[in-house]
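Dear colleague,

Please find the structure below for your files. My notes on its pockets and salt bridges follow.

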Amino acid sequence: MKKIFIILILSCSSFFANAQSGYDITINLKNCKDTLAYLTFYQFDKTLIKDTCTTIKNGEIVFKGKNKLDKGIYSLVSQGKSIVFDFFIDESTQNLEINSEYGVDILNNVKVVNSNRENEFFNYLKYISQQNKDFQDLKSKTELKTKKDTLALAEKQKTFEQKIVDYEEKFIIQNKGSYIADVLNIKTEKKLIDIPKASNGRPDSLAVYNFYKKHYWDNVDFNDDGTIRNPFFINKLKKYFDNVVVTHPDSVAVEIDRMMNKTVQGSLINKLLLAHFTYTYETSKIMGFDKVFVHMSDNYFKTGKAFGIYDDEEVVKKIIKRADKLKPLLVGATAQDLFMIKAEDYDKMKTMGFENAKNSEEMTKVFYDHVNEVNKMWVKLSDVKADYTILVFWDVDCGHCQKEIPKLLDVYNDLLKEKKDVKVYSVYMQHEGEKYLKYIAEHKLPWINVYDGAHYNNAIEKYDVYSTPVIYILDKNKVIKAKRIEADNVTTIIKAIELENKK
């Protein structure tokens, strides 16, 4: 009898374990005409589908699965692909019954049968919605005839916003330790209340910034993948790196490392952050920020810390290859030397046979047949003596070049008038010498006009010239000070370099 009793207890334990292992979300929507609904969730910068209900009967929508749902903010999405409402899922809300009535007032009618905390979250959403509605009503009734009216409306807006902040702070305190409190903590911002005075008697803006930056990520758990399953994290992340961190590649790299050190290698949040930072700074339009991309390659991809981010190992190899290609071209690096031929020596090179060689073997033979002569013809980038060298790669037939090269010529002439010690090392990227010489003559280009007559440099790879024109600015030591800039920006950058040198 005792043995049977023990077996019964074990069987019941097994039953309850299985009963609690999955999820069961039932949503009753009165007057719902849809026959299909989706359960989606936020993850970093995407919204993903978790489940689909294809059997809606009398407004009853059921999402059910054998495995528990990951912690996160989930959405009921209609047949028309619009969000009906959001709700949260954590360990305590794997089984939910949510009731409401379909229509414009659907949020205010929401009631959760079996979770007080879920109801508190819906009350928060209702409060936010009502505050926004009240302010929009006030705004629509306010006539902005004077600057005073505009300022008064702005003050009222601050009052509405402060009400929301106060409500959120109270919610976080009352629900401390819960997942949904952590989510709202990500949404809120920590600001210095008692602002000290600076030496000039005004509020100390530096103290405000330091406090804001120091406390920006307070209580955000980077060891929990649930942290990124909400709509607030990605915006907070972007704001931090766009507006809070000092806009300098070295500062950004330090902050990335600091954040990555808070994550567990191989976790979802770790992988998504690495992928985000790598893509963001590989494609950054801010000059010099490819240095961050190189940093990501050297410190994460080459070291194996980025293992598992991409299913295809070839992607990792391409990232490393791309970063290694960019490393010698970073702002602050010494420019790689070029061994070019003067444009006017085109006929000599043609006579030697360089223009008639059909493949690399023939080209190599021609080169070594005339190596002593060619060695005397080199025009090396490193031999250019000037405070500033403008290195430009271009093509006569390139439409954008046809606009930029005349602009660069004007800029160059203006710089000479200002007594700037500047030279242009102009590299033609093709081998149609007659066309190149004609353009030089017609436009009177007083530059160091060269081309890769001996097919020796492979400037496309060496200087990453995947389109033309490409303009670099080098200092007197041939250190790259600026790159991939428009001709109109050359003067501004040179003046900025001069100011920096005077400091």
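Helix H2 (116-141), helix H3 (147-174) and helix H4 (179-187) each supply at least two residues of the lining of the largest pocket; helices here are DSSP runs (H or I, at least four residues), numbered from the N terminus. The largest contribution to this lining is that of H3, with 11 residues. The model is predicted, so that local features need pLDDT of at least 70 and side-chain atom pairs count only at pLDDT 80 or more, while totals for chains, interfaces and linings use all residues. Residues are numbered from 1 along each chain as its sequence is written, and side-chain values use heavy atoms, with hydrogens and water left out.

The largest pocket holds about 970 Å³ of space. A pocket is an open set of points on a 1 Å grid over the protein atoms alone, where a 1.4 Å probe fits, with protein on both sides within 12 Å along at least five of seven lines; lining residues have an atom within 4 Å of a point. Its volume is the space filled by probe spheres set on the points, which are joined across faces, edges and corners. The lining is made up of 11 nonpolar, 8 polar and 10 charged residues (nonpolar: Ala, Val, Leu, Ile, Met, Phe, Trp, Tyr, Cys and Pro; charged: Asp, Glu, Lys and Arg; polar: the others, Gly among them).

The second largest pocket has about 470 Å³ of space. Of its 20 lining residues, Ser284, Lys285, Asp290, Tyr466 and Arg484 are the closest to its centre. Helix H8 (268-282), helix H9 (290-301) and helix H10 (313-326) are the elements that give two or more residues to this lining.

Turning to charged pairs, the structure holds 30 salt bridges (a side-chain nitrogen of Lys or Arg within 4 Å of a carboxyl oxygen of Asp or Glu). In one of them, the closest N and O atoms of Lys213 and Glu255 are 2.8 Å apart. Lys213 lies in helix H5 (residues 205-214) and Glu255 in helix H7 (residues 249-260), so the pair ties together parts that are 42 residues apart in sequence. Glu255 is buried, at 6% relative accessible area, whereas Lys213 is partly exposed, at 23% (buried is under 20%, exposed over 50%, partly exposed in between; 1.4 Å probe, protein chains only).

Asp369 and Lys365 also form a salt bridge (3.0 Å, N to O); both lie in helix H12 (residues 360-369), 4 residues apart. Lys365 is exposed, at 55%.

Yours sincerely
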